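Please examine the structure below before reading the explanation that follows.

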Amino acid sequence: MNNSVVNEEIMIDEDMVELENTFLTFYAYEKLFGINIGNVVQIISYQPVSKIPEFPPYAVGVINLRGDVIPIIDFSVRFGQEPKEYNERTCIIVTKIRDGHIGFVVDAVDEVIKIDKEDISEPPKVIGAIHDAYLMGIGRKNNKKSLLLDIEKVVLEDEISAISREVSQWKQQN
């Protein structure tokens with residue numbers, strides 16, 4: 001894994017968003033993943049979250065980011081892994097999914113890379129807890145393989161609705 005540490009907020013350069021096949025790669029449960037940079041709003045160091053009692057187990061709480069309350073999902077727990085202790089490399093990737101923002105806690109951010117179409121292969125049917133419905137493909141770049149995800153499929157529409165309802169109720173009470 002790359003030894004860089006994210007100590008402050010990183011805003012994603014608007015020019016990168018327009019690049020086709022550009023991905024933010026990150027580590028979660030010792031695997032390298034990639035998501036399209038067009039879904040990434042920013043990357044922040046891990047910060048404590050406010051717990052919401054009725055959240056599903058993989059949704060660890062919410063943060064207030066410049067006045068916007070953002071639900072936070074532990075990426076590893078979402079895919080059936082045991083929760084683990086966060087450390088100085090743990091980051092939150094804030095993404096734009098449909099009409100809102102969701103943050104994903106990941107072990108560490110790796111890099112932003114462009115992967116040529118010919119270096120992206122079709123996903124196999126199942127890879128452990130990562131069902132093929134989430135995978136766009138497997139990218140190869142710089143002697144690394146990344147599981148490329150469709151981040152909008154990682155959290156289902158009805159799950160987003162349920163989480164949004166809980167966030168709305170929490171905001172009214174706090």
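On one side of helix H4, Asp158, Arg165 and Gln172 are exposed, where exposed means over 50% relative accessible area, buried means under 20%, and partly exposed lies in between, for a 1.4 Å probe and protein chains only. This is a predicted model, in which local features need pLDDT of at least 70 and side-chain atom pairs count only at pLDDT 80 or more, while totals for chains, interfaces and linings use all residues. Residues are numbered from 1 along each chain as its sequence is written, and side-chain values use heavy atoms, with hydrogens and water left out.

Helices (H or I, at least four residues) and strands (E, at least two) are DSSP runs, numbered from the N terminus. The expected span of a helix is 1.5 Å times one less than its number of residues. The 17 residues of H4 (residues 157-173) should therefore span 24 Å, and the 25 Å between the end C-alpha atoms agrees with this.

Which residues of H4 are buried? They are Glu159, Ile160, Ile163, Glu166, Val167 and Trp170. These residues cover an arc of only 130° around the axis, which means that they lie on the same side of H4; the arc is that of the directions from the helix axis to the C-beta atoms. In general, an α-helix has 3.6 residues a turn, so residues three or four places apart point the same way. The partners against which the buried residues of H4 pack include strand S5 (59-65), strand S7 (91-97) and helix H3 (151-154).

The next element is a sheet. Six strands form an open sheet in the order S9-S2-S3-S14-S13-S10, with mixed pairing; two strands pair if DSSP finds at least two bridges between them. At the edges are strand S9 (108-114) and strand S10 (120-121), each of which pairs on one side only. Strand S3 (residues 31-36) and strand S14 (residues 144-149) pair in the parallel sense over three bridges, and Ile35 stands opposite Leu149 in S14.

Two loop residues deserve attention for their backbone angles. Most residues other than glycine have a negative phi. Tyr29, in the loop between strand S2 (22-28) and S3, is not a glycine, yet has a positive phi of about 35°. Asn143, in the loop between strand S13 (135-141) and S14, has a positive phi near 60°. Tyr29 counts as buried because its relative accessibility is 14%, whereas Asn143 is exposed, with a relative accessible area of 86%.

Note on methods:
Contact = heavy atoms within 4.5 Å.
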